[in-house]
Amino acid sequence: SHDGCEDDGTGYMKPLPGSKYADQRYVFDTFGQRVLDNAWNGFHCCLFAYGQTGAGKSYSMVGYGNNKGIVPISCEEIFTRIASEPDPNNKYEVTVSMIEIYNEAVQDLLISPEDRPKKGLEIRESKALGIYIDGVIKRPVDSYPAIEATIEEATNHRT
């Protein structure tokens, strides 16, 4: 709910004193930062949003306008960390995949709906890779705007 907040003049919704409103920065600092830190340290991580329609999953994860959610804040932070890497010998590879689970089928949103396998992609497990989606596209990106463009493309392929 957006009760207990106000626009700070830039379009960002900030909490009013004494309210229970959690702004996007608070949500990221509480949940997203730990997930990002663990991923940065080499752990496989997932932040999963689940709940009723209209509960705020998309707002918390993606946000809108100046109210960026966990995903965009995390993506910006990844490239900030890469840019501040002190060791020039360290190399980073950032890829983006975007899937949806619809009618119990895992669909790759970087593939147009007419070109996707009808039964979806298979979720597999391997000792070397852990749990993964067989055949999912992993698109290399070199900036947050490249991630945004990929997400926009994938969002247009949602069913």
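The buried residues of helix H4 (144–155) are covered by elements that include H3, strand E5 (94–96) and strand E10 (139–141). Contact here means heavy atoms within 4.5 Å, and helices (H or I, at least four residues) and strands (E, at least two) are DSSP runs numbered from the N terminus. This is a predicted model, in which local features need pLDDT of at least 70 and side-chain atom pairs count only at pLDDT 80 or more, while totals for chains, interfaces and linings use all residues. Residues are numbered from 1 along each chain as its sequence is written, and side-chain values use heavy atoms, with hydrogens and water left out.

**Helix H4**

- Tyr-144, Ile-147, Thr-150 and Ala-154 are the buried residues in H4, where buried means under 20% relative accessible area, exposed over 50% and partly exposed in between (1.4 Å probe, protein chains only).
- The twelve residues of H4 reach 16 Å from first C-alpha to last, close to the 16 Å expected at 1.5 Å a residue; the expected span is 1.5 Å times one less than the number of residues.
- The N-terminal end of H4 is capped by Ser-143, which has a side-chain oxygen 3.2 Å from the backbone nitrogen of Ala-146.

**Helix H1**

- H1 (residues 24–40) has 17 residues, yet its end C-alpha atoms are only 21 Å apart, short of the 24 Å that a straight helix would reach.
- A kink of about 45° is centred on Gly-32 in H1; the bend at a residue is the angle between axes fitted to the seven residues ending there and the seven starting there.
- Gly-32 is also buried, as are Gln-24, Val-27, Phe-28 and Leu-36 in H1.
- The cover over the buried residues of H1 includes helix H2 (57–61), strand E3 (63–64), strand E4 (67–68) and helix H3 (70–83).

**Asn-67**

- Asn-67 lies in strand E4 and is buried, at 1% relative accessible area.
- A polar atom of the Asn-67 side chain lies 2.7 Å from the backbone nitrogen of Met-13.
- Leaving aside neighbours within four places in sequence, Asn-67 is in contact with Gly-11, Tyr-12, Met-13, Gln-24, Tyr-59 and Val-62.

**Salt bridges**

- The structure holds nine salt bridges, each a side-chain nitrogen of Lys or Arg within 4 Å of a carboxyl oxygen of Asp or Glu.
- Arg-81 and Glu-77 form one of them, with the closest N and O atoms 2.9 Å apart.
- Arg-81 and Glu-77 are separated by about one helical turn, because they are four residues apart in helix H3.
- Arg-158 and Glu-100 form another, with the closest N and O atoms 3.9 Å apart.
- That pair links distant parts of the chain, 58 residues apart: Arg-158 is in the segment after helix H4, and Glu-100 is in strand E6 (residues 99–102).
- Arg-158 is exposed at 52% relative accessibility, whereas Glu-100 is buried at 11%.
- Asp-134 and Arg-124 meet in a salt bridge at 3.1 Å, N to O.
- Asp-134 is in strand E9 (residues 130–134) and Arg-124 in strand E8 (residues 122–126), so this pair ties together parts ten residues apart in sequence.

Terms used: Polar contact = N/O pair within 3.5 Å; in protein donor to acceptor, adjacent residues only side chain to side chain.
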